[in-house]
Amino acid sequence: MVVRIVEGEEIEEGVAGSGCSDNWLVRLFRSGGWMGPAGRLAAGPARVRAPAGEGRRNPKIEKNPYLGFIYTSFQERATFISHGNAARLAKQHGDLKLAQICGLIAADEKCHENAYSKIVQKLFEIDPDTTILAFADMMRKKISVPAHLMYDGRDYNLFDHFAAIAARLGVYSARDYADVMEHLVGYWQVEKLTGLSPEGRKAQEFVCGLPQRIKIIEEKAQDRAKQAPSLRLSWVYDREVRL
Ligand SMILES: [Fe+2]
């Protein structure tokens, strides 16, 4: 599993002894068209695939385990949050089965997050300087989901449109992104790191201030989103949806 992450491959694994469900079960939920439009807002448009499988590759971790485990810690918490939000919305709209499915996936993602963030916690303990530099590097590149290259054959901005709708509905927004970061900064006690190199201290300062900066940018973006147009989406049966 470690090699596959460091090689830059997006994977979903059950974590031994953690009570997480097996790989195949997660994939089954993720790939099922039967989840319906609301479920796909959390899982992504399952019927849409990136060209030549490129969307399943994560190009930003450069076969570096520090970057790899920081990336997966972030990504797993983000998917835990998005599926939890989708579960809540499904319940509010009366689809209890979908709420249950999304809740189950959210719990599974939480298990993955625990495993990866504990690995990074250990990295901070034994090699704080390299780890903080990697954390800052990863955040400067921005964490983008492997699906950001997805394409349905007609919309070249498909992921941006998908993300805008998910944000407007409260499934996953830039504010959640900032919250994930804030959580990890706290969990890894980044503010309390001592004995860092001058570059390490700069990275520490950058990482600790970033969640607040993202929240300010998000507030401005929300104002712009109020005048957003509508568009027909292939992955919800050409239904017209406001961005
Ligand atoms: Fe996961």
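Author: Axes here are lines fitted to C-alpha atoms, for helices over the stretch in contact, and angles run from 0 to 180 degrees between N-to-C directions. Helices (H or I, at least four residues) and strands (E, at least two) are DSSP runs, numbered from the N terminus. The model is predicted, so to speak with care: local features need pLDDT of at least 70, side-chain atom pairs count only at pLDDT 80 or more, and totals for chains, interfaces and linings use all residues. Residues are numbered from 1 along each chain as its sequence is written, and side-chain values use heavy atoms, with hydrogens and water left out.

Reader: Okay, let's start simple. How many helices and strands does the protein have?

Author: Walk along from the N terminus and the elements run α-α-α-α-α-α-α-α-α-β-β. Tally the secondary structure and you get nine helices and two strands.

Reader: And what share of the residues is buried?

Author: A residue is buried under 20% relative accessible area, exposed over 50% and partly exposed in between (1.4 Å probe, protein chains only). The protein has 243 residues, and the buried share is 46%.

Reader: What share of the contacts with a separation of 6 or more joins residues 24 or more positions apart?

Author: A contact means heavy atoms within 4.5 Å. Take the contacts with a separation of 6 or more, then pick those between residues 24 or more positions apart: they come to 74%.

Reader: Now the helices. At what angle do α4 and α8 pack?

Author: Picture one axis for each of the two helices, 10 Å apart. The packing angle is about 130 degrees.

Reader: What does that make α4 relative to α8?

Author: Angles under 35 degrees count as roughly parallel, over 145 as roughly antiparallel, 65 to 115 as roughly perpendicular and the rest as oblique. With that angle between their axes, α4 is to α8 oblique.

Reader: Which residues of α8 make this contact?

Author: On the α4 side sit Ser73, Phe74, Arg77, Ala78, Ile81 and Asn85. Facing them from α8 are Asp176, Tyr177, Val180, Met181, His183 and Leu184.

Reader: How many aromatic pairs turn up in the whole structure?

Author: Rings of Phe, Tyr and Trp (its six-membered ring) pair if their centres lie within 6.5 Å; planes under 30 degrees apart count as stacked, over 60 as edge-to-face and the rest as tilted. A search of the whole structure gives a count of six.

Reader: How far apart in sequence are the parts that Phe124 and Trp188 tie together?

Author: The Phe124 and Trp188 pair is tilted, at 5.6 Å centre to centre and 45 degrees between the planes. Phe124 lies in helix α5 (residues 96-126) and Trp188 in the loop between α8 (174-187) and α9 (198-225), so the tie spans 64 residues.

Reader: Are those two rings buried or exposed?

Author: Ring pairs link Phe124, Phe135 and Trp188 into a cluster. As for Phe124 and Trp188, each is buried.

Reader: Where does Glu62 lie?

Author: Glu62 is not a glycine, yet its phi is positive, near 50 degrees. Glu62 is exposed because its relative accessible area is 54%. Its place is the loop between α3 (36-43) and α4.

Reader: And where does Asp238 lie?

Author: Asp238 has a positive phi of about 60 degrees although it is not a glycine. At a relative accessible area of 35%, Asp238 is partly exposed. Look for it in the loop between β1 (230-233) and β2 (239-242).

Reader: Last one. How far apart in space are Gln222 and Arg168?

Author: Gln222 has its place in helix α9, and its relative accessible area of 44% makes it partly exposed. Gln222 and Arg168 are 54 residues apart in sequence. In space, C-alpha to C-alpha, they are apart by 8.7 Å.
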